[in-house]
Amino acid sequence: MNDFSELEDELKKLRPAQPSPILFERIEEALMDSRAGVSPARQPKRLPYNWLSLGFGLAAAAVLVLFAAISLERRQDPGKKIAQISPAPEARPVSPTRRDGSGVQGSSSSNRFIPAGATQVVYNTRDEGLQFARGSEQPLRRLRYQTHQTWQWRNPTTGASLRVSYPSEEVVLIPVSGQ
């Protein structure tokens with residue numbers, strides 16, 4: 001315990017040195033210069049904002065966005081239609097009489113629905129990246145399409161129509177070469 005009290009006495013003897021009067025004079029001069037609007041000579045001037053580098057950065061970002069858009073267009077099959085509507089087939093005229101001449105319409109044409117059209121709308125396309133399929137030596141790009149298909153039928157004699165809609169999902173594997 002005696003060691004600690006000796007150490008404490010030595011620490012109490014240590015006092016900070018008095019600053020020189022020249023230091024106080026320099027501080028006063030610097031404060032007076034800053035109040036007068038004169039910047040100290042030691043402080044470097046602030047550089048103006050470099051607009052040229054900002055312009056080059058924005059131009060580079062625009063080029064990257066352009067290349068990304070072009071690569072996305074190349075990924076999509078140009079011959080593949082996203083949505084299509086098939087035209088309604090023309091109804092064959094129904095003869096008012098039977099072959100036997102009885103004058104009664106045939107029962108085969110009165111309650112008959114014929115295809116009137118089909119629609120397929122792709123509402124979500126996801127690129128799931130590169131994958132190796134079983135037995136494949138090269139990577140395959142996996143694309144997933146979510147679609148909504150609608151089929152329509154129409155009865156030409158009664159004017160009644162029938163429409164069936166259902167969602168579907170398609171997964172396409174595209175071979176990738178050169179990577």
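E128 counts as partly exposed because its relative accessible area is 27%, where buried means under 20%, exposed over 50% and partly exposed in between (1.4 Å probe, protein chains only). The model described here is predicted: local features need pLDDT of at least 70, side-chain atom pairs count only at pLDDT 80 or more, and totals for chains, interfaces and linings use all residues. Residues are numbered from 1 along each chain as its sequence is written, and side-chain values use heavy atoms, with hydrogens and water left out.

E128 forms a salt bridge (a side-chain nitrogen of Lys or Arg within 4 Å of a carboxyl oxygen of Asp or Glu) with R126, and the closest N and O atoms are 3.4 Å apart. R126 is partly exposed, at 34% relative accessibility. E128 also forms a salt bridge with R142, with 2.8 Å between the closest N and O atoms. R142 lies in strand 3 and E128 in strand 2, so this pair ties together parts that are 14 residues apart in sequence. R142 counts as partly exposed, since its relative accessibility is 23%. Through salt bridges with shared partners, R126, E128, R142, R144 and E169 are joined into one network.

## A further salt bridge

A salt bridge also connects R141 with D127, the closest N and O atoms being 3.0 Å apart. This pair links distant parts of the chain, with R141 in strand 3 and D127 in strand 2, 14 residues apart. R141 is buried, with a relative accessible area of 15%, whereas D127 is partly exposed, at 35%. In the whole structure, a search finds 6 salt bridges.

## Strand pairing

Strands (E, at least two residues) and helices (H or I, at least four) are DSSP runs, numbered from the N terminus. Two strands pair if DSSP finds at least two bridges between them. Strand 2 (residues 114–131) and strand 3 (residues 140–154) run antiparallel and are joined by 14 bridges. Within this arrangement, V122 stands opposite T147 in strand 3.

Strand 3 also pairs with strand 4 (residues 161–175) in the antiparallel sense, over 15 bridges. Q146 stands opposite E169 in strand 4, and W151 faces V164 in strand 4 as its opposite residue. The hairpin of strand 3 and strand 4 has 6 residues between the strands, and G159 in this hairpin takes a positive phi near 85°. In a regular strand, side chains alternate between the two faces of the sheet.

## A negative surface patch

D3, E6, D9 and E10 gather on the surface in a patch of negative charge. Such patches are made of residues with over 30% relative accessible area and no salt bridge, like charges being joined within 9 Å. Asp and Glu count as negative, and the place of a charge is taken as CG of Asp or CD of Glu. Accessible areas come from the Shrake-Rupley method with a 1.4 Å probe. D9 is found in helix 1 (residues 2–13) and counts as partly exposed, at 44% relative accessibility.

Terms used:
Patch = residues over 30% accessible without salt bridge, like charges linked within 9 Å, V, L, I, M, F, W, Y side chains within 5 Å.
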